[in-house]
Amino acid sequence: MKGLATTVVVAAGNQVFICYNYLIMLKIENLNLKRGDKQIINNVSFEVPDGEIFGVLGMNGAGKSSLAYILMGSSGYQPDSGKIIFNGIDITNKTMDERARLGITLAWQEPARFEGISILDFILIGSEKKGHTLSEEYLEQMRLAPSEYRLRQVDKTLSGGERKKIELSSVLAMKPKLAILDEPDSGIDMLSQEAVMNMIREIKNYGGSVILITHDEEVVKTADRAALMCSGLAFKVGKPAEIIGYYKEHCKPCPTKVYPAKGDNK
Ligand SMILES: Nc1ncnc2c1ncn2[C@@H]1O[C@H](COP(=O)(O)OP(=O)(O)OP(=O)(O)O)[C@@H](O)[C@H]1O
Ligand SMILES: [Mg+2]
């Protein structure tokens, strides 16, 4: 099934109306996740159309990775309430594998999912096309020299940045409809940042969407829109420049965050 069609009407003066349709790939409605006393995700709602790069900004502990886990269906992150609609299908209760089959993938903030598989096989694990020559092309695209990796396994001997680049190579190979990238730029050397940006643009170019979690201002600027998360709330969504400006001006480390700590509300 295709995404939900939405019509936007723009009035220019009293006379000219422009109407266009776009398809909503992802629709999140009032998501909540509480663990113990902590409201980790607090009534989060937003939509991501086809072909959109949607940035997610916020301080450490704001709930960005938790939101990514909920969207991917990671174990322990079943929302307490709310809905996730993907291309018109309610996926709230679907497993991670079912979501992956629908075209959703998550590149983890700390990649550690697979051990003991060859790097070349790992890259094509979710790809319809096979062949080590292809894996090597994806490695090169992420600025890793195939000659150094073709005989190696995905294991603890890889550096953090190498693991991340290999994970991003596998996302590229998968050609996902929705790629959730949790800090894809963190731990990546300065000279390879452009490769990360190019892989994000490549997904957009074939009509895929990207949820791009990042702490980097330059990376957020490549998004079409962005959300600012704070204490589990996605409380502001807008153009990246607007969200960055608000974030810098208003979000200072604060012991109570949005909610008064116990005893603080006297
Ligand atoms: N399963 C859980 N049980 C209890 N607390 C949790 C659980 N998962 C996450 N948290 C807490 O929820 C908050 C949000 O965590 P999350 O990892 O989503 O933050 P983040 O925005 O990704 O931060 P960072 O920028 O540091 O990666 C943190 O305070 C974290 O300790
Ligand atoms: Mg995180």
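In which helix is Ile70 found?

1. Ile70 is found in helix α1, where helices (H or I, at least four residues) and strands (E, at least two) are DSSP runs numbered from the N terminus. This is a predicted model, in which local features need pLDDT of at least 70, side-chain atom pairs count only at pLDDT 80 or more, and totals for chains, interfaces and linings use all residues. Residues are numbered from 1 along each chain as its sequence is written, while chains are lettered from A and ligands numbered from 1 in the order in which they are written.

2. Ile70 counts as buried because it has 23 C-beta neighbours inside 10 Å, the cut-off for buried being 20 or more other C-beta atoms within 10 Å, against 12 or fewer for exposed and partly exposed in between, with C-beta atoms placed from the backbone. Leaving aside neighbours within four places in sequence, Ile70 is in contact with Leu31, Leu33, Ile41, Tyr77 and Pro79, contact requiring C-beta atoms, placed from the backbone, within 7 Å.

3. Helix α1 (64-72) also supplies the largest share of the shell around ligand 1, three residues, and β3 (38-49) supplies at least two. Of the 14 residues around ligand 1, Arg35, Asn60, Lys64, Ser65 and Ser66 come nearest, a residue being near a molecule or strand if its C-beta atom, placed from the backbone, lies within 6 Å of it.

4. Strands β12 (residues 225-230) and β13 (residues 233-238) run antiparallel and are joined by five bridges, whereas pairing asks for at least two bridges found by DSSP. In their hairpin, which has two residues between the strands, Ser231 takes a positive phi near 45 degrees.

Definitions and conventions. Contact = placed C-beta atoms within 7 Å.
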